[in-house]
Amino acid sequence: MHELLIREVQLRRGGMPTVECDAGGGMTRGLPPVAPSPGSGPHQARVPVLREREAPLNRVRAWLASPPLGTGQLFLLEGTVGAGKTEFLREVTEYAQSVEVIPLNVVCSPEERDLPFGALSQLFDNPALPAELRGRVSPVMRGLMRSARAESMHEAVERNRADIWYDLFLPVIELAATTPVVVCVDDIDHMDAASQQCLMYLVRRLSSVPLVMVFTELAGPSGAHRPFHAELLRQSSVTSVRLTPLSPESVRTLITLRLGVGAARELGDNFITYSGGNPLLLDALIHGERLGGDARHQDYGRALLNCLHRSEAHILRVARAMAVHGDDASPDDLAALIDADPGTVERALRTMTEAGLLWAGRFRHTLAARAVLDDVPAADREQLHHRSARLLYNKGATAAAARHLAEAGRVQEPWALRVLLEVSSEALLHGEVQRALRYLNSAQRSCTNDRDRWEIRARLAQAEWQLNPSASLRHLLALTEAVRNDQLGPYDTMLLVRQLLWMHRTQEAADILSLLRKRAARLPSAGIVPPAGPPNQPAELHAMEVWLACTYPPLAGRVQSGSAPTDPEGAPTTRGRTFWLQSIGVLSGGLVRRRGDETQEWASHVLGQLDLNHNTPWAEEATLLALMSLVYGGRLSEAANRCRSLDERHNGQLSPMWQGVLDAAEAEIRLRRGDLREAVKRGTSALEQVSVQGWGTAVGLPLGTLILAHTRMGELDEATELVTRSVPDEMFQSRYGLHYLYARGHYYLAMNRTRAALGDFLSCGELMGKWGLDLPGIVPWRTSAAEAWLLQGNRDQAKRLVKDQLTSPGPEDTVSRALALRLMAVFSSLGQRPRLLGEAADLLEADGCAYELARTLSDLGRAYHALGKRRRARVIVRRAWRVAHLCQAEPLCRELLPDASGDAGLAEDEGRTAVVSSLTNSERRIASMAVMGYTNREIAEKLFITPSTVEQHLTRVYRKLAVKNRKSLPGYLRGEPG
């Protein structure tokens with residue numbers, strides 16, 4: 001019986017020490033004593049938890065208390081591992097001592113199974129025996145053990161049979177005739193053969209020998225061949241007793257005794273499930289609950305391993321195979337894993353189930369498999385994973401096979417490499433980067449072919465890129481050698497060029513581009529052709545050349561002119577590499593060739609096709625380019641809606657690279673719409689997802705957004721910190737560098753460094769002109785340079801730049817036109833200024849550019865003030881202040897209303913309260929959603945009304961607030977509840 005049961009009985013009796021048994025069988029003090037039941041004497045107390053265990057113990061006690069004259073008895077106690085057999089013997093020994101019976105104890109172990117007469121020597125070398133008797137038997141035992149070294153155990157016993165009986169057993173029998181003796185032997189299944197043979201002589205004569213014997217044995221499966229066990233059961237003086245797991249009632253009672261009634265209610269069901277009634281496991285759970293923390297897991301795991309290591313060897317092997325392969329393994333699977341027959345496996349499973357270690361063929365606790373797995377030696381674990389992988393592969397379960405291959409060390413079988421590459425590609429497609437890296441690293445260890453090794457290296461670079469582009473650089477640089485040796489496919493080579501340029505390794509990228517162009521020139525298509533050309537590789541290279549002309553112009557080759565595809569309906573239906581490369585080519589070509597409407601149509605199509613749950617190379621670049629194409633074209637509302645839609649459509653968490661790209665794009669959108677605080681938030685997130693070093697040459701986009709947003713908010717210390725950060729020189733040879741130069745120029749303006757600011761703006765213009773990218777939608781450098789010229793007093797240069805902006809060819813850009821009109825008002829007569837500024841304000845309001853609208857309204861208010869229309873001027877200035885305040889552009893707010901923190905602010909609050917109170921709840925709700933950028937259809941879907949109802953409510957709102965359209969709605973309605 002397990003020690004925890006006995007100790008509870010001892011506590012109830014009140015006559016035994018206060019002790020507690022831990023999971024490993026050790027004794028620790030600490031339980032409070034429990035008062036004995038009234039009227040109970042020593043060894044007579046009964047508690048409900050022991051009813052199922054105390055019957056066999058009472059039978060032994062009865063023999064010890066009043067042994068029958070002239071006869072003996074052997075109790076054979078069988079039980080599963082952890083069932084409490086050893087503690088049963090301990091209780092027998094303690095009881096024997098209390099009634100003056102001599103206990104002779106023997107503990108057998110697997111390590112001494114081959115030691116001749118090892119168990120017998122323990123029996124007779126026992127301090128409980130009289131010294132005179134020990135002196136008589138000691139020489140006999142030494143002689144037996146010496147003789148066994150030179151001959152077999154069986155022969156040694158047969159040759160010395162008389163000495164064994166008359167010189168060993170007869171003195172003990174004579175002692176038992178006057179003083180009762182009990183022989184306790186633990187784990188007879190580990191006893192050496194010589195001792196078994198000797199003890200059988202004694203057992204056969206128990207009918208005439210006044211001796212009590214108690215043997216414990218590990219219960220084996222029915223039908224198992226155990227000769228010693230069978231021989232014992234044939235004897236009439238042998239009584240067999242089997243210990244079974246504790247009942248649920250006993251488990252709950254024991255929890256109550258040890259942890260209290262509340263714990264029994266809370267933990268009872270789980271402890272019954274996890275322990276299976278196994279006392280050793282139950283004790284571990286209780287002990288772990290007392291200690292708390294990680295001890296809960298550790299105690300249970302140690303107890304389980306204790307049970308397995310005390311079981312037969314094949315049971316431990318089966319348990320290890322289950323832990324490695326998983327709970328879904330059939331007996332045939334497990335047999336194949338450990339090279340055993342299915343019958344042996346089934347017997348092991350039954351034994352573990354009977355012991356409470358398994359339930360329905362599975363471990364009872366998730367911690368169990370982990371503990372067993374950690375206990376498997378590394379070499380054995382790798383071998384089991386290898387065999388599991390082969391087994392699953394033969395069944396067609398490639399994903400499951402890959403999980404085992406990743407843990408199997410080096411596997412050189414060809415099928416293994418194919419499985420790892422296939423499953424890693426699937427993992428990358430779904431954005432499961434860590435899983436893909438695990439499979440690819442395993443594939444790299446197992447690869448023996450150079451071309452395969454380079455393919456794996458390319459995929460490793462692609463996977464690590466999603467986590468940290470800087471970390472993938474070592475792979476990228478190694479892959480340049482593969483390109484030179486023609487060991488990398490053209491698609492992977494083009495992706496390598498993009499990544500090298502991002503990581504500002506311009507020279508390596510240029511060398512690879514040169515090789516690509518030379519190889520393309522040798523193809524029948526005779527050079528780089530537009531996408532309509534027949535061969536796929538040159539068409540893809542053409543798309544890349546156009547992308548270079550748009551993003552890294554100094555490296556672009558000669559891009560043939562021609563009609564780019566203008567109809568997105570003609571795009572490939574599958575979102576594979578062809579679609580994304582073609583999309584990149586079309587979007588880049590639209591910017592280079594200034595085909596605004598076509599570019600924006602393609603951008604909308606690309607973003608509509610994007611599925612963030614299925615990641616493919618180039619999709620990330622195509623997404624960023626599509627969003628920026630909408631931004632450059634002035635379609636800020638659509639770009640914002642697309643970002644919101646992408647955020648709603650993806651499942652789970654995006655990789656750092658993907659999240660950083662989307663944050664950077666949305667930050668730029670928010671900046672241009674005047675939502676400066678949100679622009680800072682998104683830009684900061686972009687740099688948190690991917691470091692400045694990881695952004696490489698593209699860092700100009702998020703960094704420029706942050707610099708300009710902080711500058712416009714008056715947070716010059718934060719802007720200064722960003723400006724002083726180190727950026728790669730190669731950034732200034734990319735489109736991303738234009739964003740940085742433009743933002744830094746405005747920072748210099750805010751710091752009154754007009755010459756430095758002018759230098760940055762003119763640098764933008766020089767680069768954009770040289771690259772053929774002179775689109776004001778990218779950065780309106782002319783109007784910004786004109787402002788710098790005006791601050792320096794050079795009106796002629798400023799006026800020239802403004803006129804150039806107004807007359808420049810290309811797609812219609814209402815924002816740049818509005819900025820130019822605002823500055824043209826400076827050079828116009830006082831009477832013309834309101835018209836020019838009013839037109840500029842209407843354009844900016846229509847496009848949702850709140851910050852520039854506030855500046856324009858400010859100028860308009862001053863113009864009316866100069867014309868003597870002061871009342872109208874005050875209305876417009878207050879409106880300008882409201883817009884600037886919504887943008888959180890504090891410098892502009894202070895410029896407009898220096899006392900806004902006092903009476904003006906109070907008046908503003910009063911005016912706002914009056915406006916809001918004039919609207920109904922429905923009108924507030926719809927107006928709030930309209931301010932946040934929702935379309936009428938989107939509002940209708942969310943509120944479960946028709947679009948016409950939305951339009952009617954908005955019309956009433958416009959009338960009450962005296963505005964013309966949704967663009968004119970005041971920003972403070974954004975947060976109004978309805």
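**View 1. Lining of the second largest pocket.** The second largest pocket has 23 lining residues, and Glu-787, Arg-822, Tyr-851, Arg-855 and Glu-895 lie nearest its centre. The model is predicted: local features need pLDDT of at least 70, side-chain atom pairs count only at pLDDT 80 or more, and totals for chains, interfaces and linings use all residues. Numbering runs from 1 along each chain as its sequence is written, and side-chain values use heavy atoms, without hydrogens and water. A pocket is an open set of points on a 1 Å grid over the protein atoms alone, where a 1.4 Å probe fits, with protein on both sides within 12 Å along at least five of seven lines; lining residues have an atom within 4 Å of a point. The pocket holds about 740 Å³ of space.

**View 2. Helices around the second largest pocket.** At least two lining residues each come from helix 34 (700–712), helix 36 (735–750), helix 38 (781–791), helix 40 (814–824), helix 42 (850–866) and helix 44 (890–896). Helix 42 gives the most, with 6 residues. By class, the lining has 10 nonpolar, 4 polar and 9 charged residues.

**View 3. Crossing of helix 15 and helix 16.** The axes of helix 15 (residues 331–338) and helix 16 (residues 342–354) come within 8 Å and cross at roughly 110 degrees. Helix 15 is therefore roughly perpendicular to helix 16 (65 to 115 degrees). The crossing is right-handed.

**View 4. Contact between helix 15 and helix 16.** Helix 15 contributes Pro-331, Asp-332, Leu-334, Ala-335 and Ile-338; helix 16 contributes Pro-342, Val-345, Glu-346 and Leu-349 (contact: heavy atoms within 4.5 Å). This contact has 7 nonpolar, no polar and 2 charged residues.

Definitions and conventions
Axes fitted to C-alpha atoms, helices over the stretch in contact; angles between N-to-C directions. Helix = DSSP H or I, 4+ residues; strand = E, 2+ residues; numbered from the N terminus. Parallel < 35°, antiparallel > 145°, perpendicular 65-115°, else oblique. Left-handed = near helix turned anticlockwise from the far one by under 90°. Nonpolar A, V, L, I, M, F, W, Y, C, P; charged D, E, K, R; others polar. Points joined across faces, edges and corners; volume = space filled by probe spheres on them.
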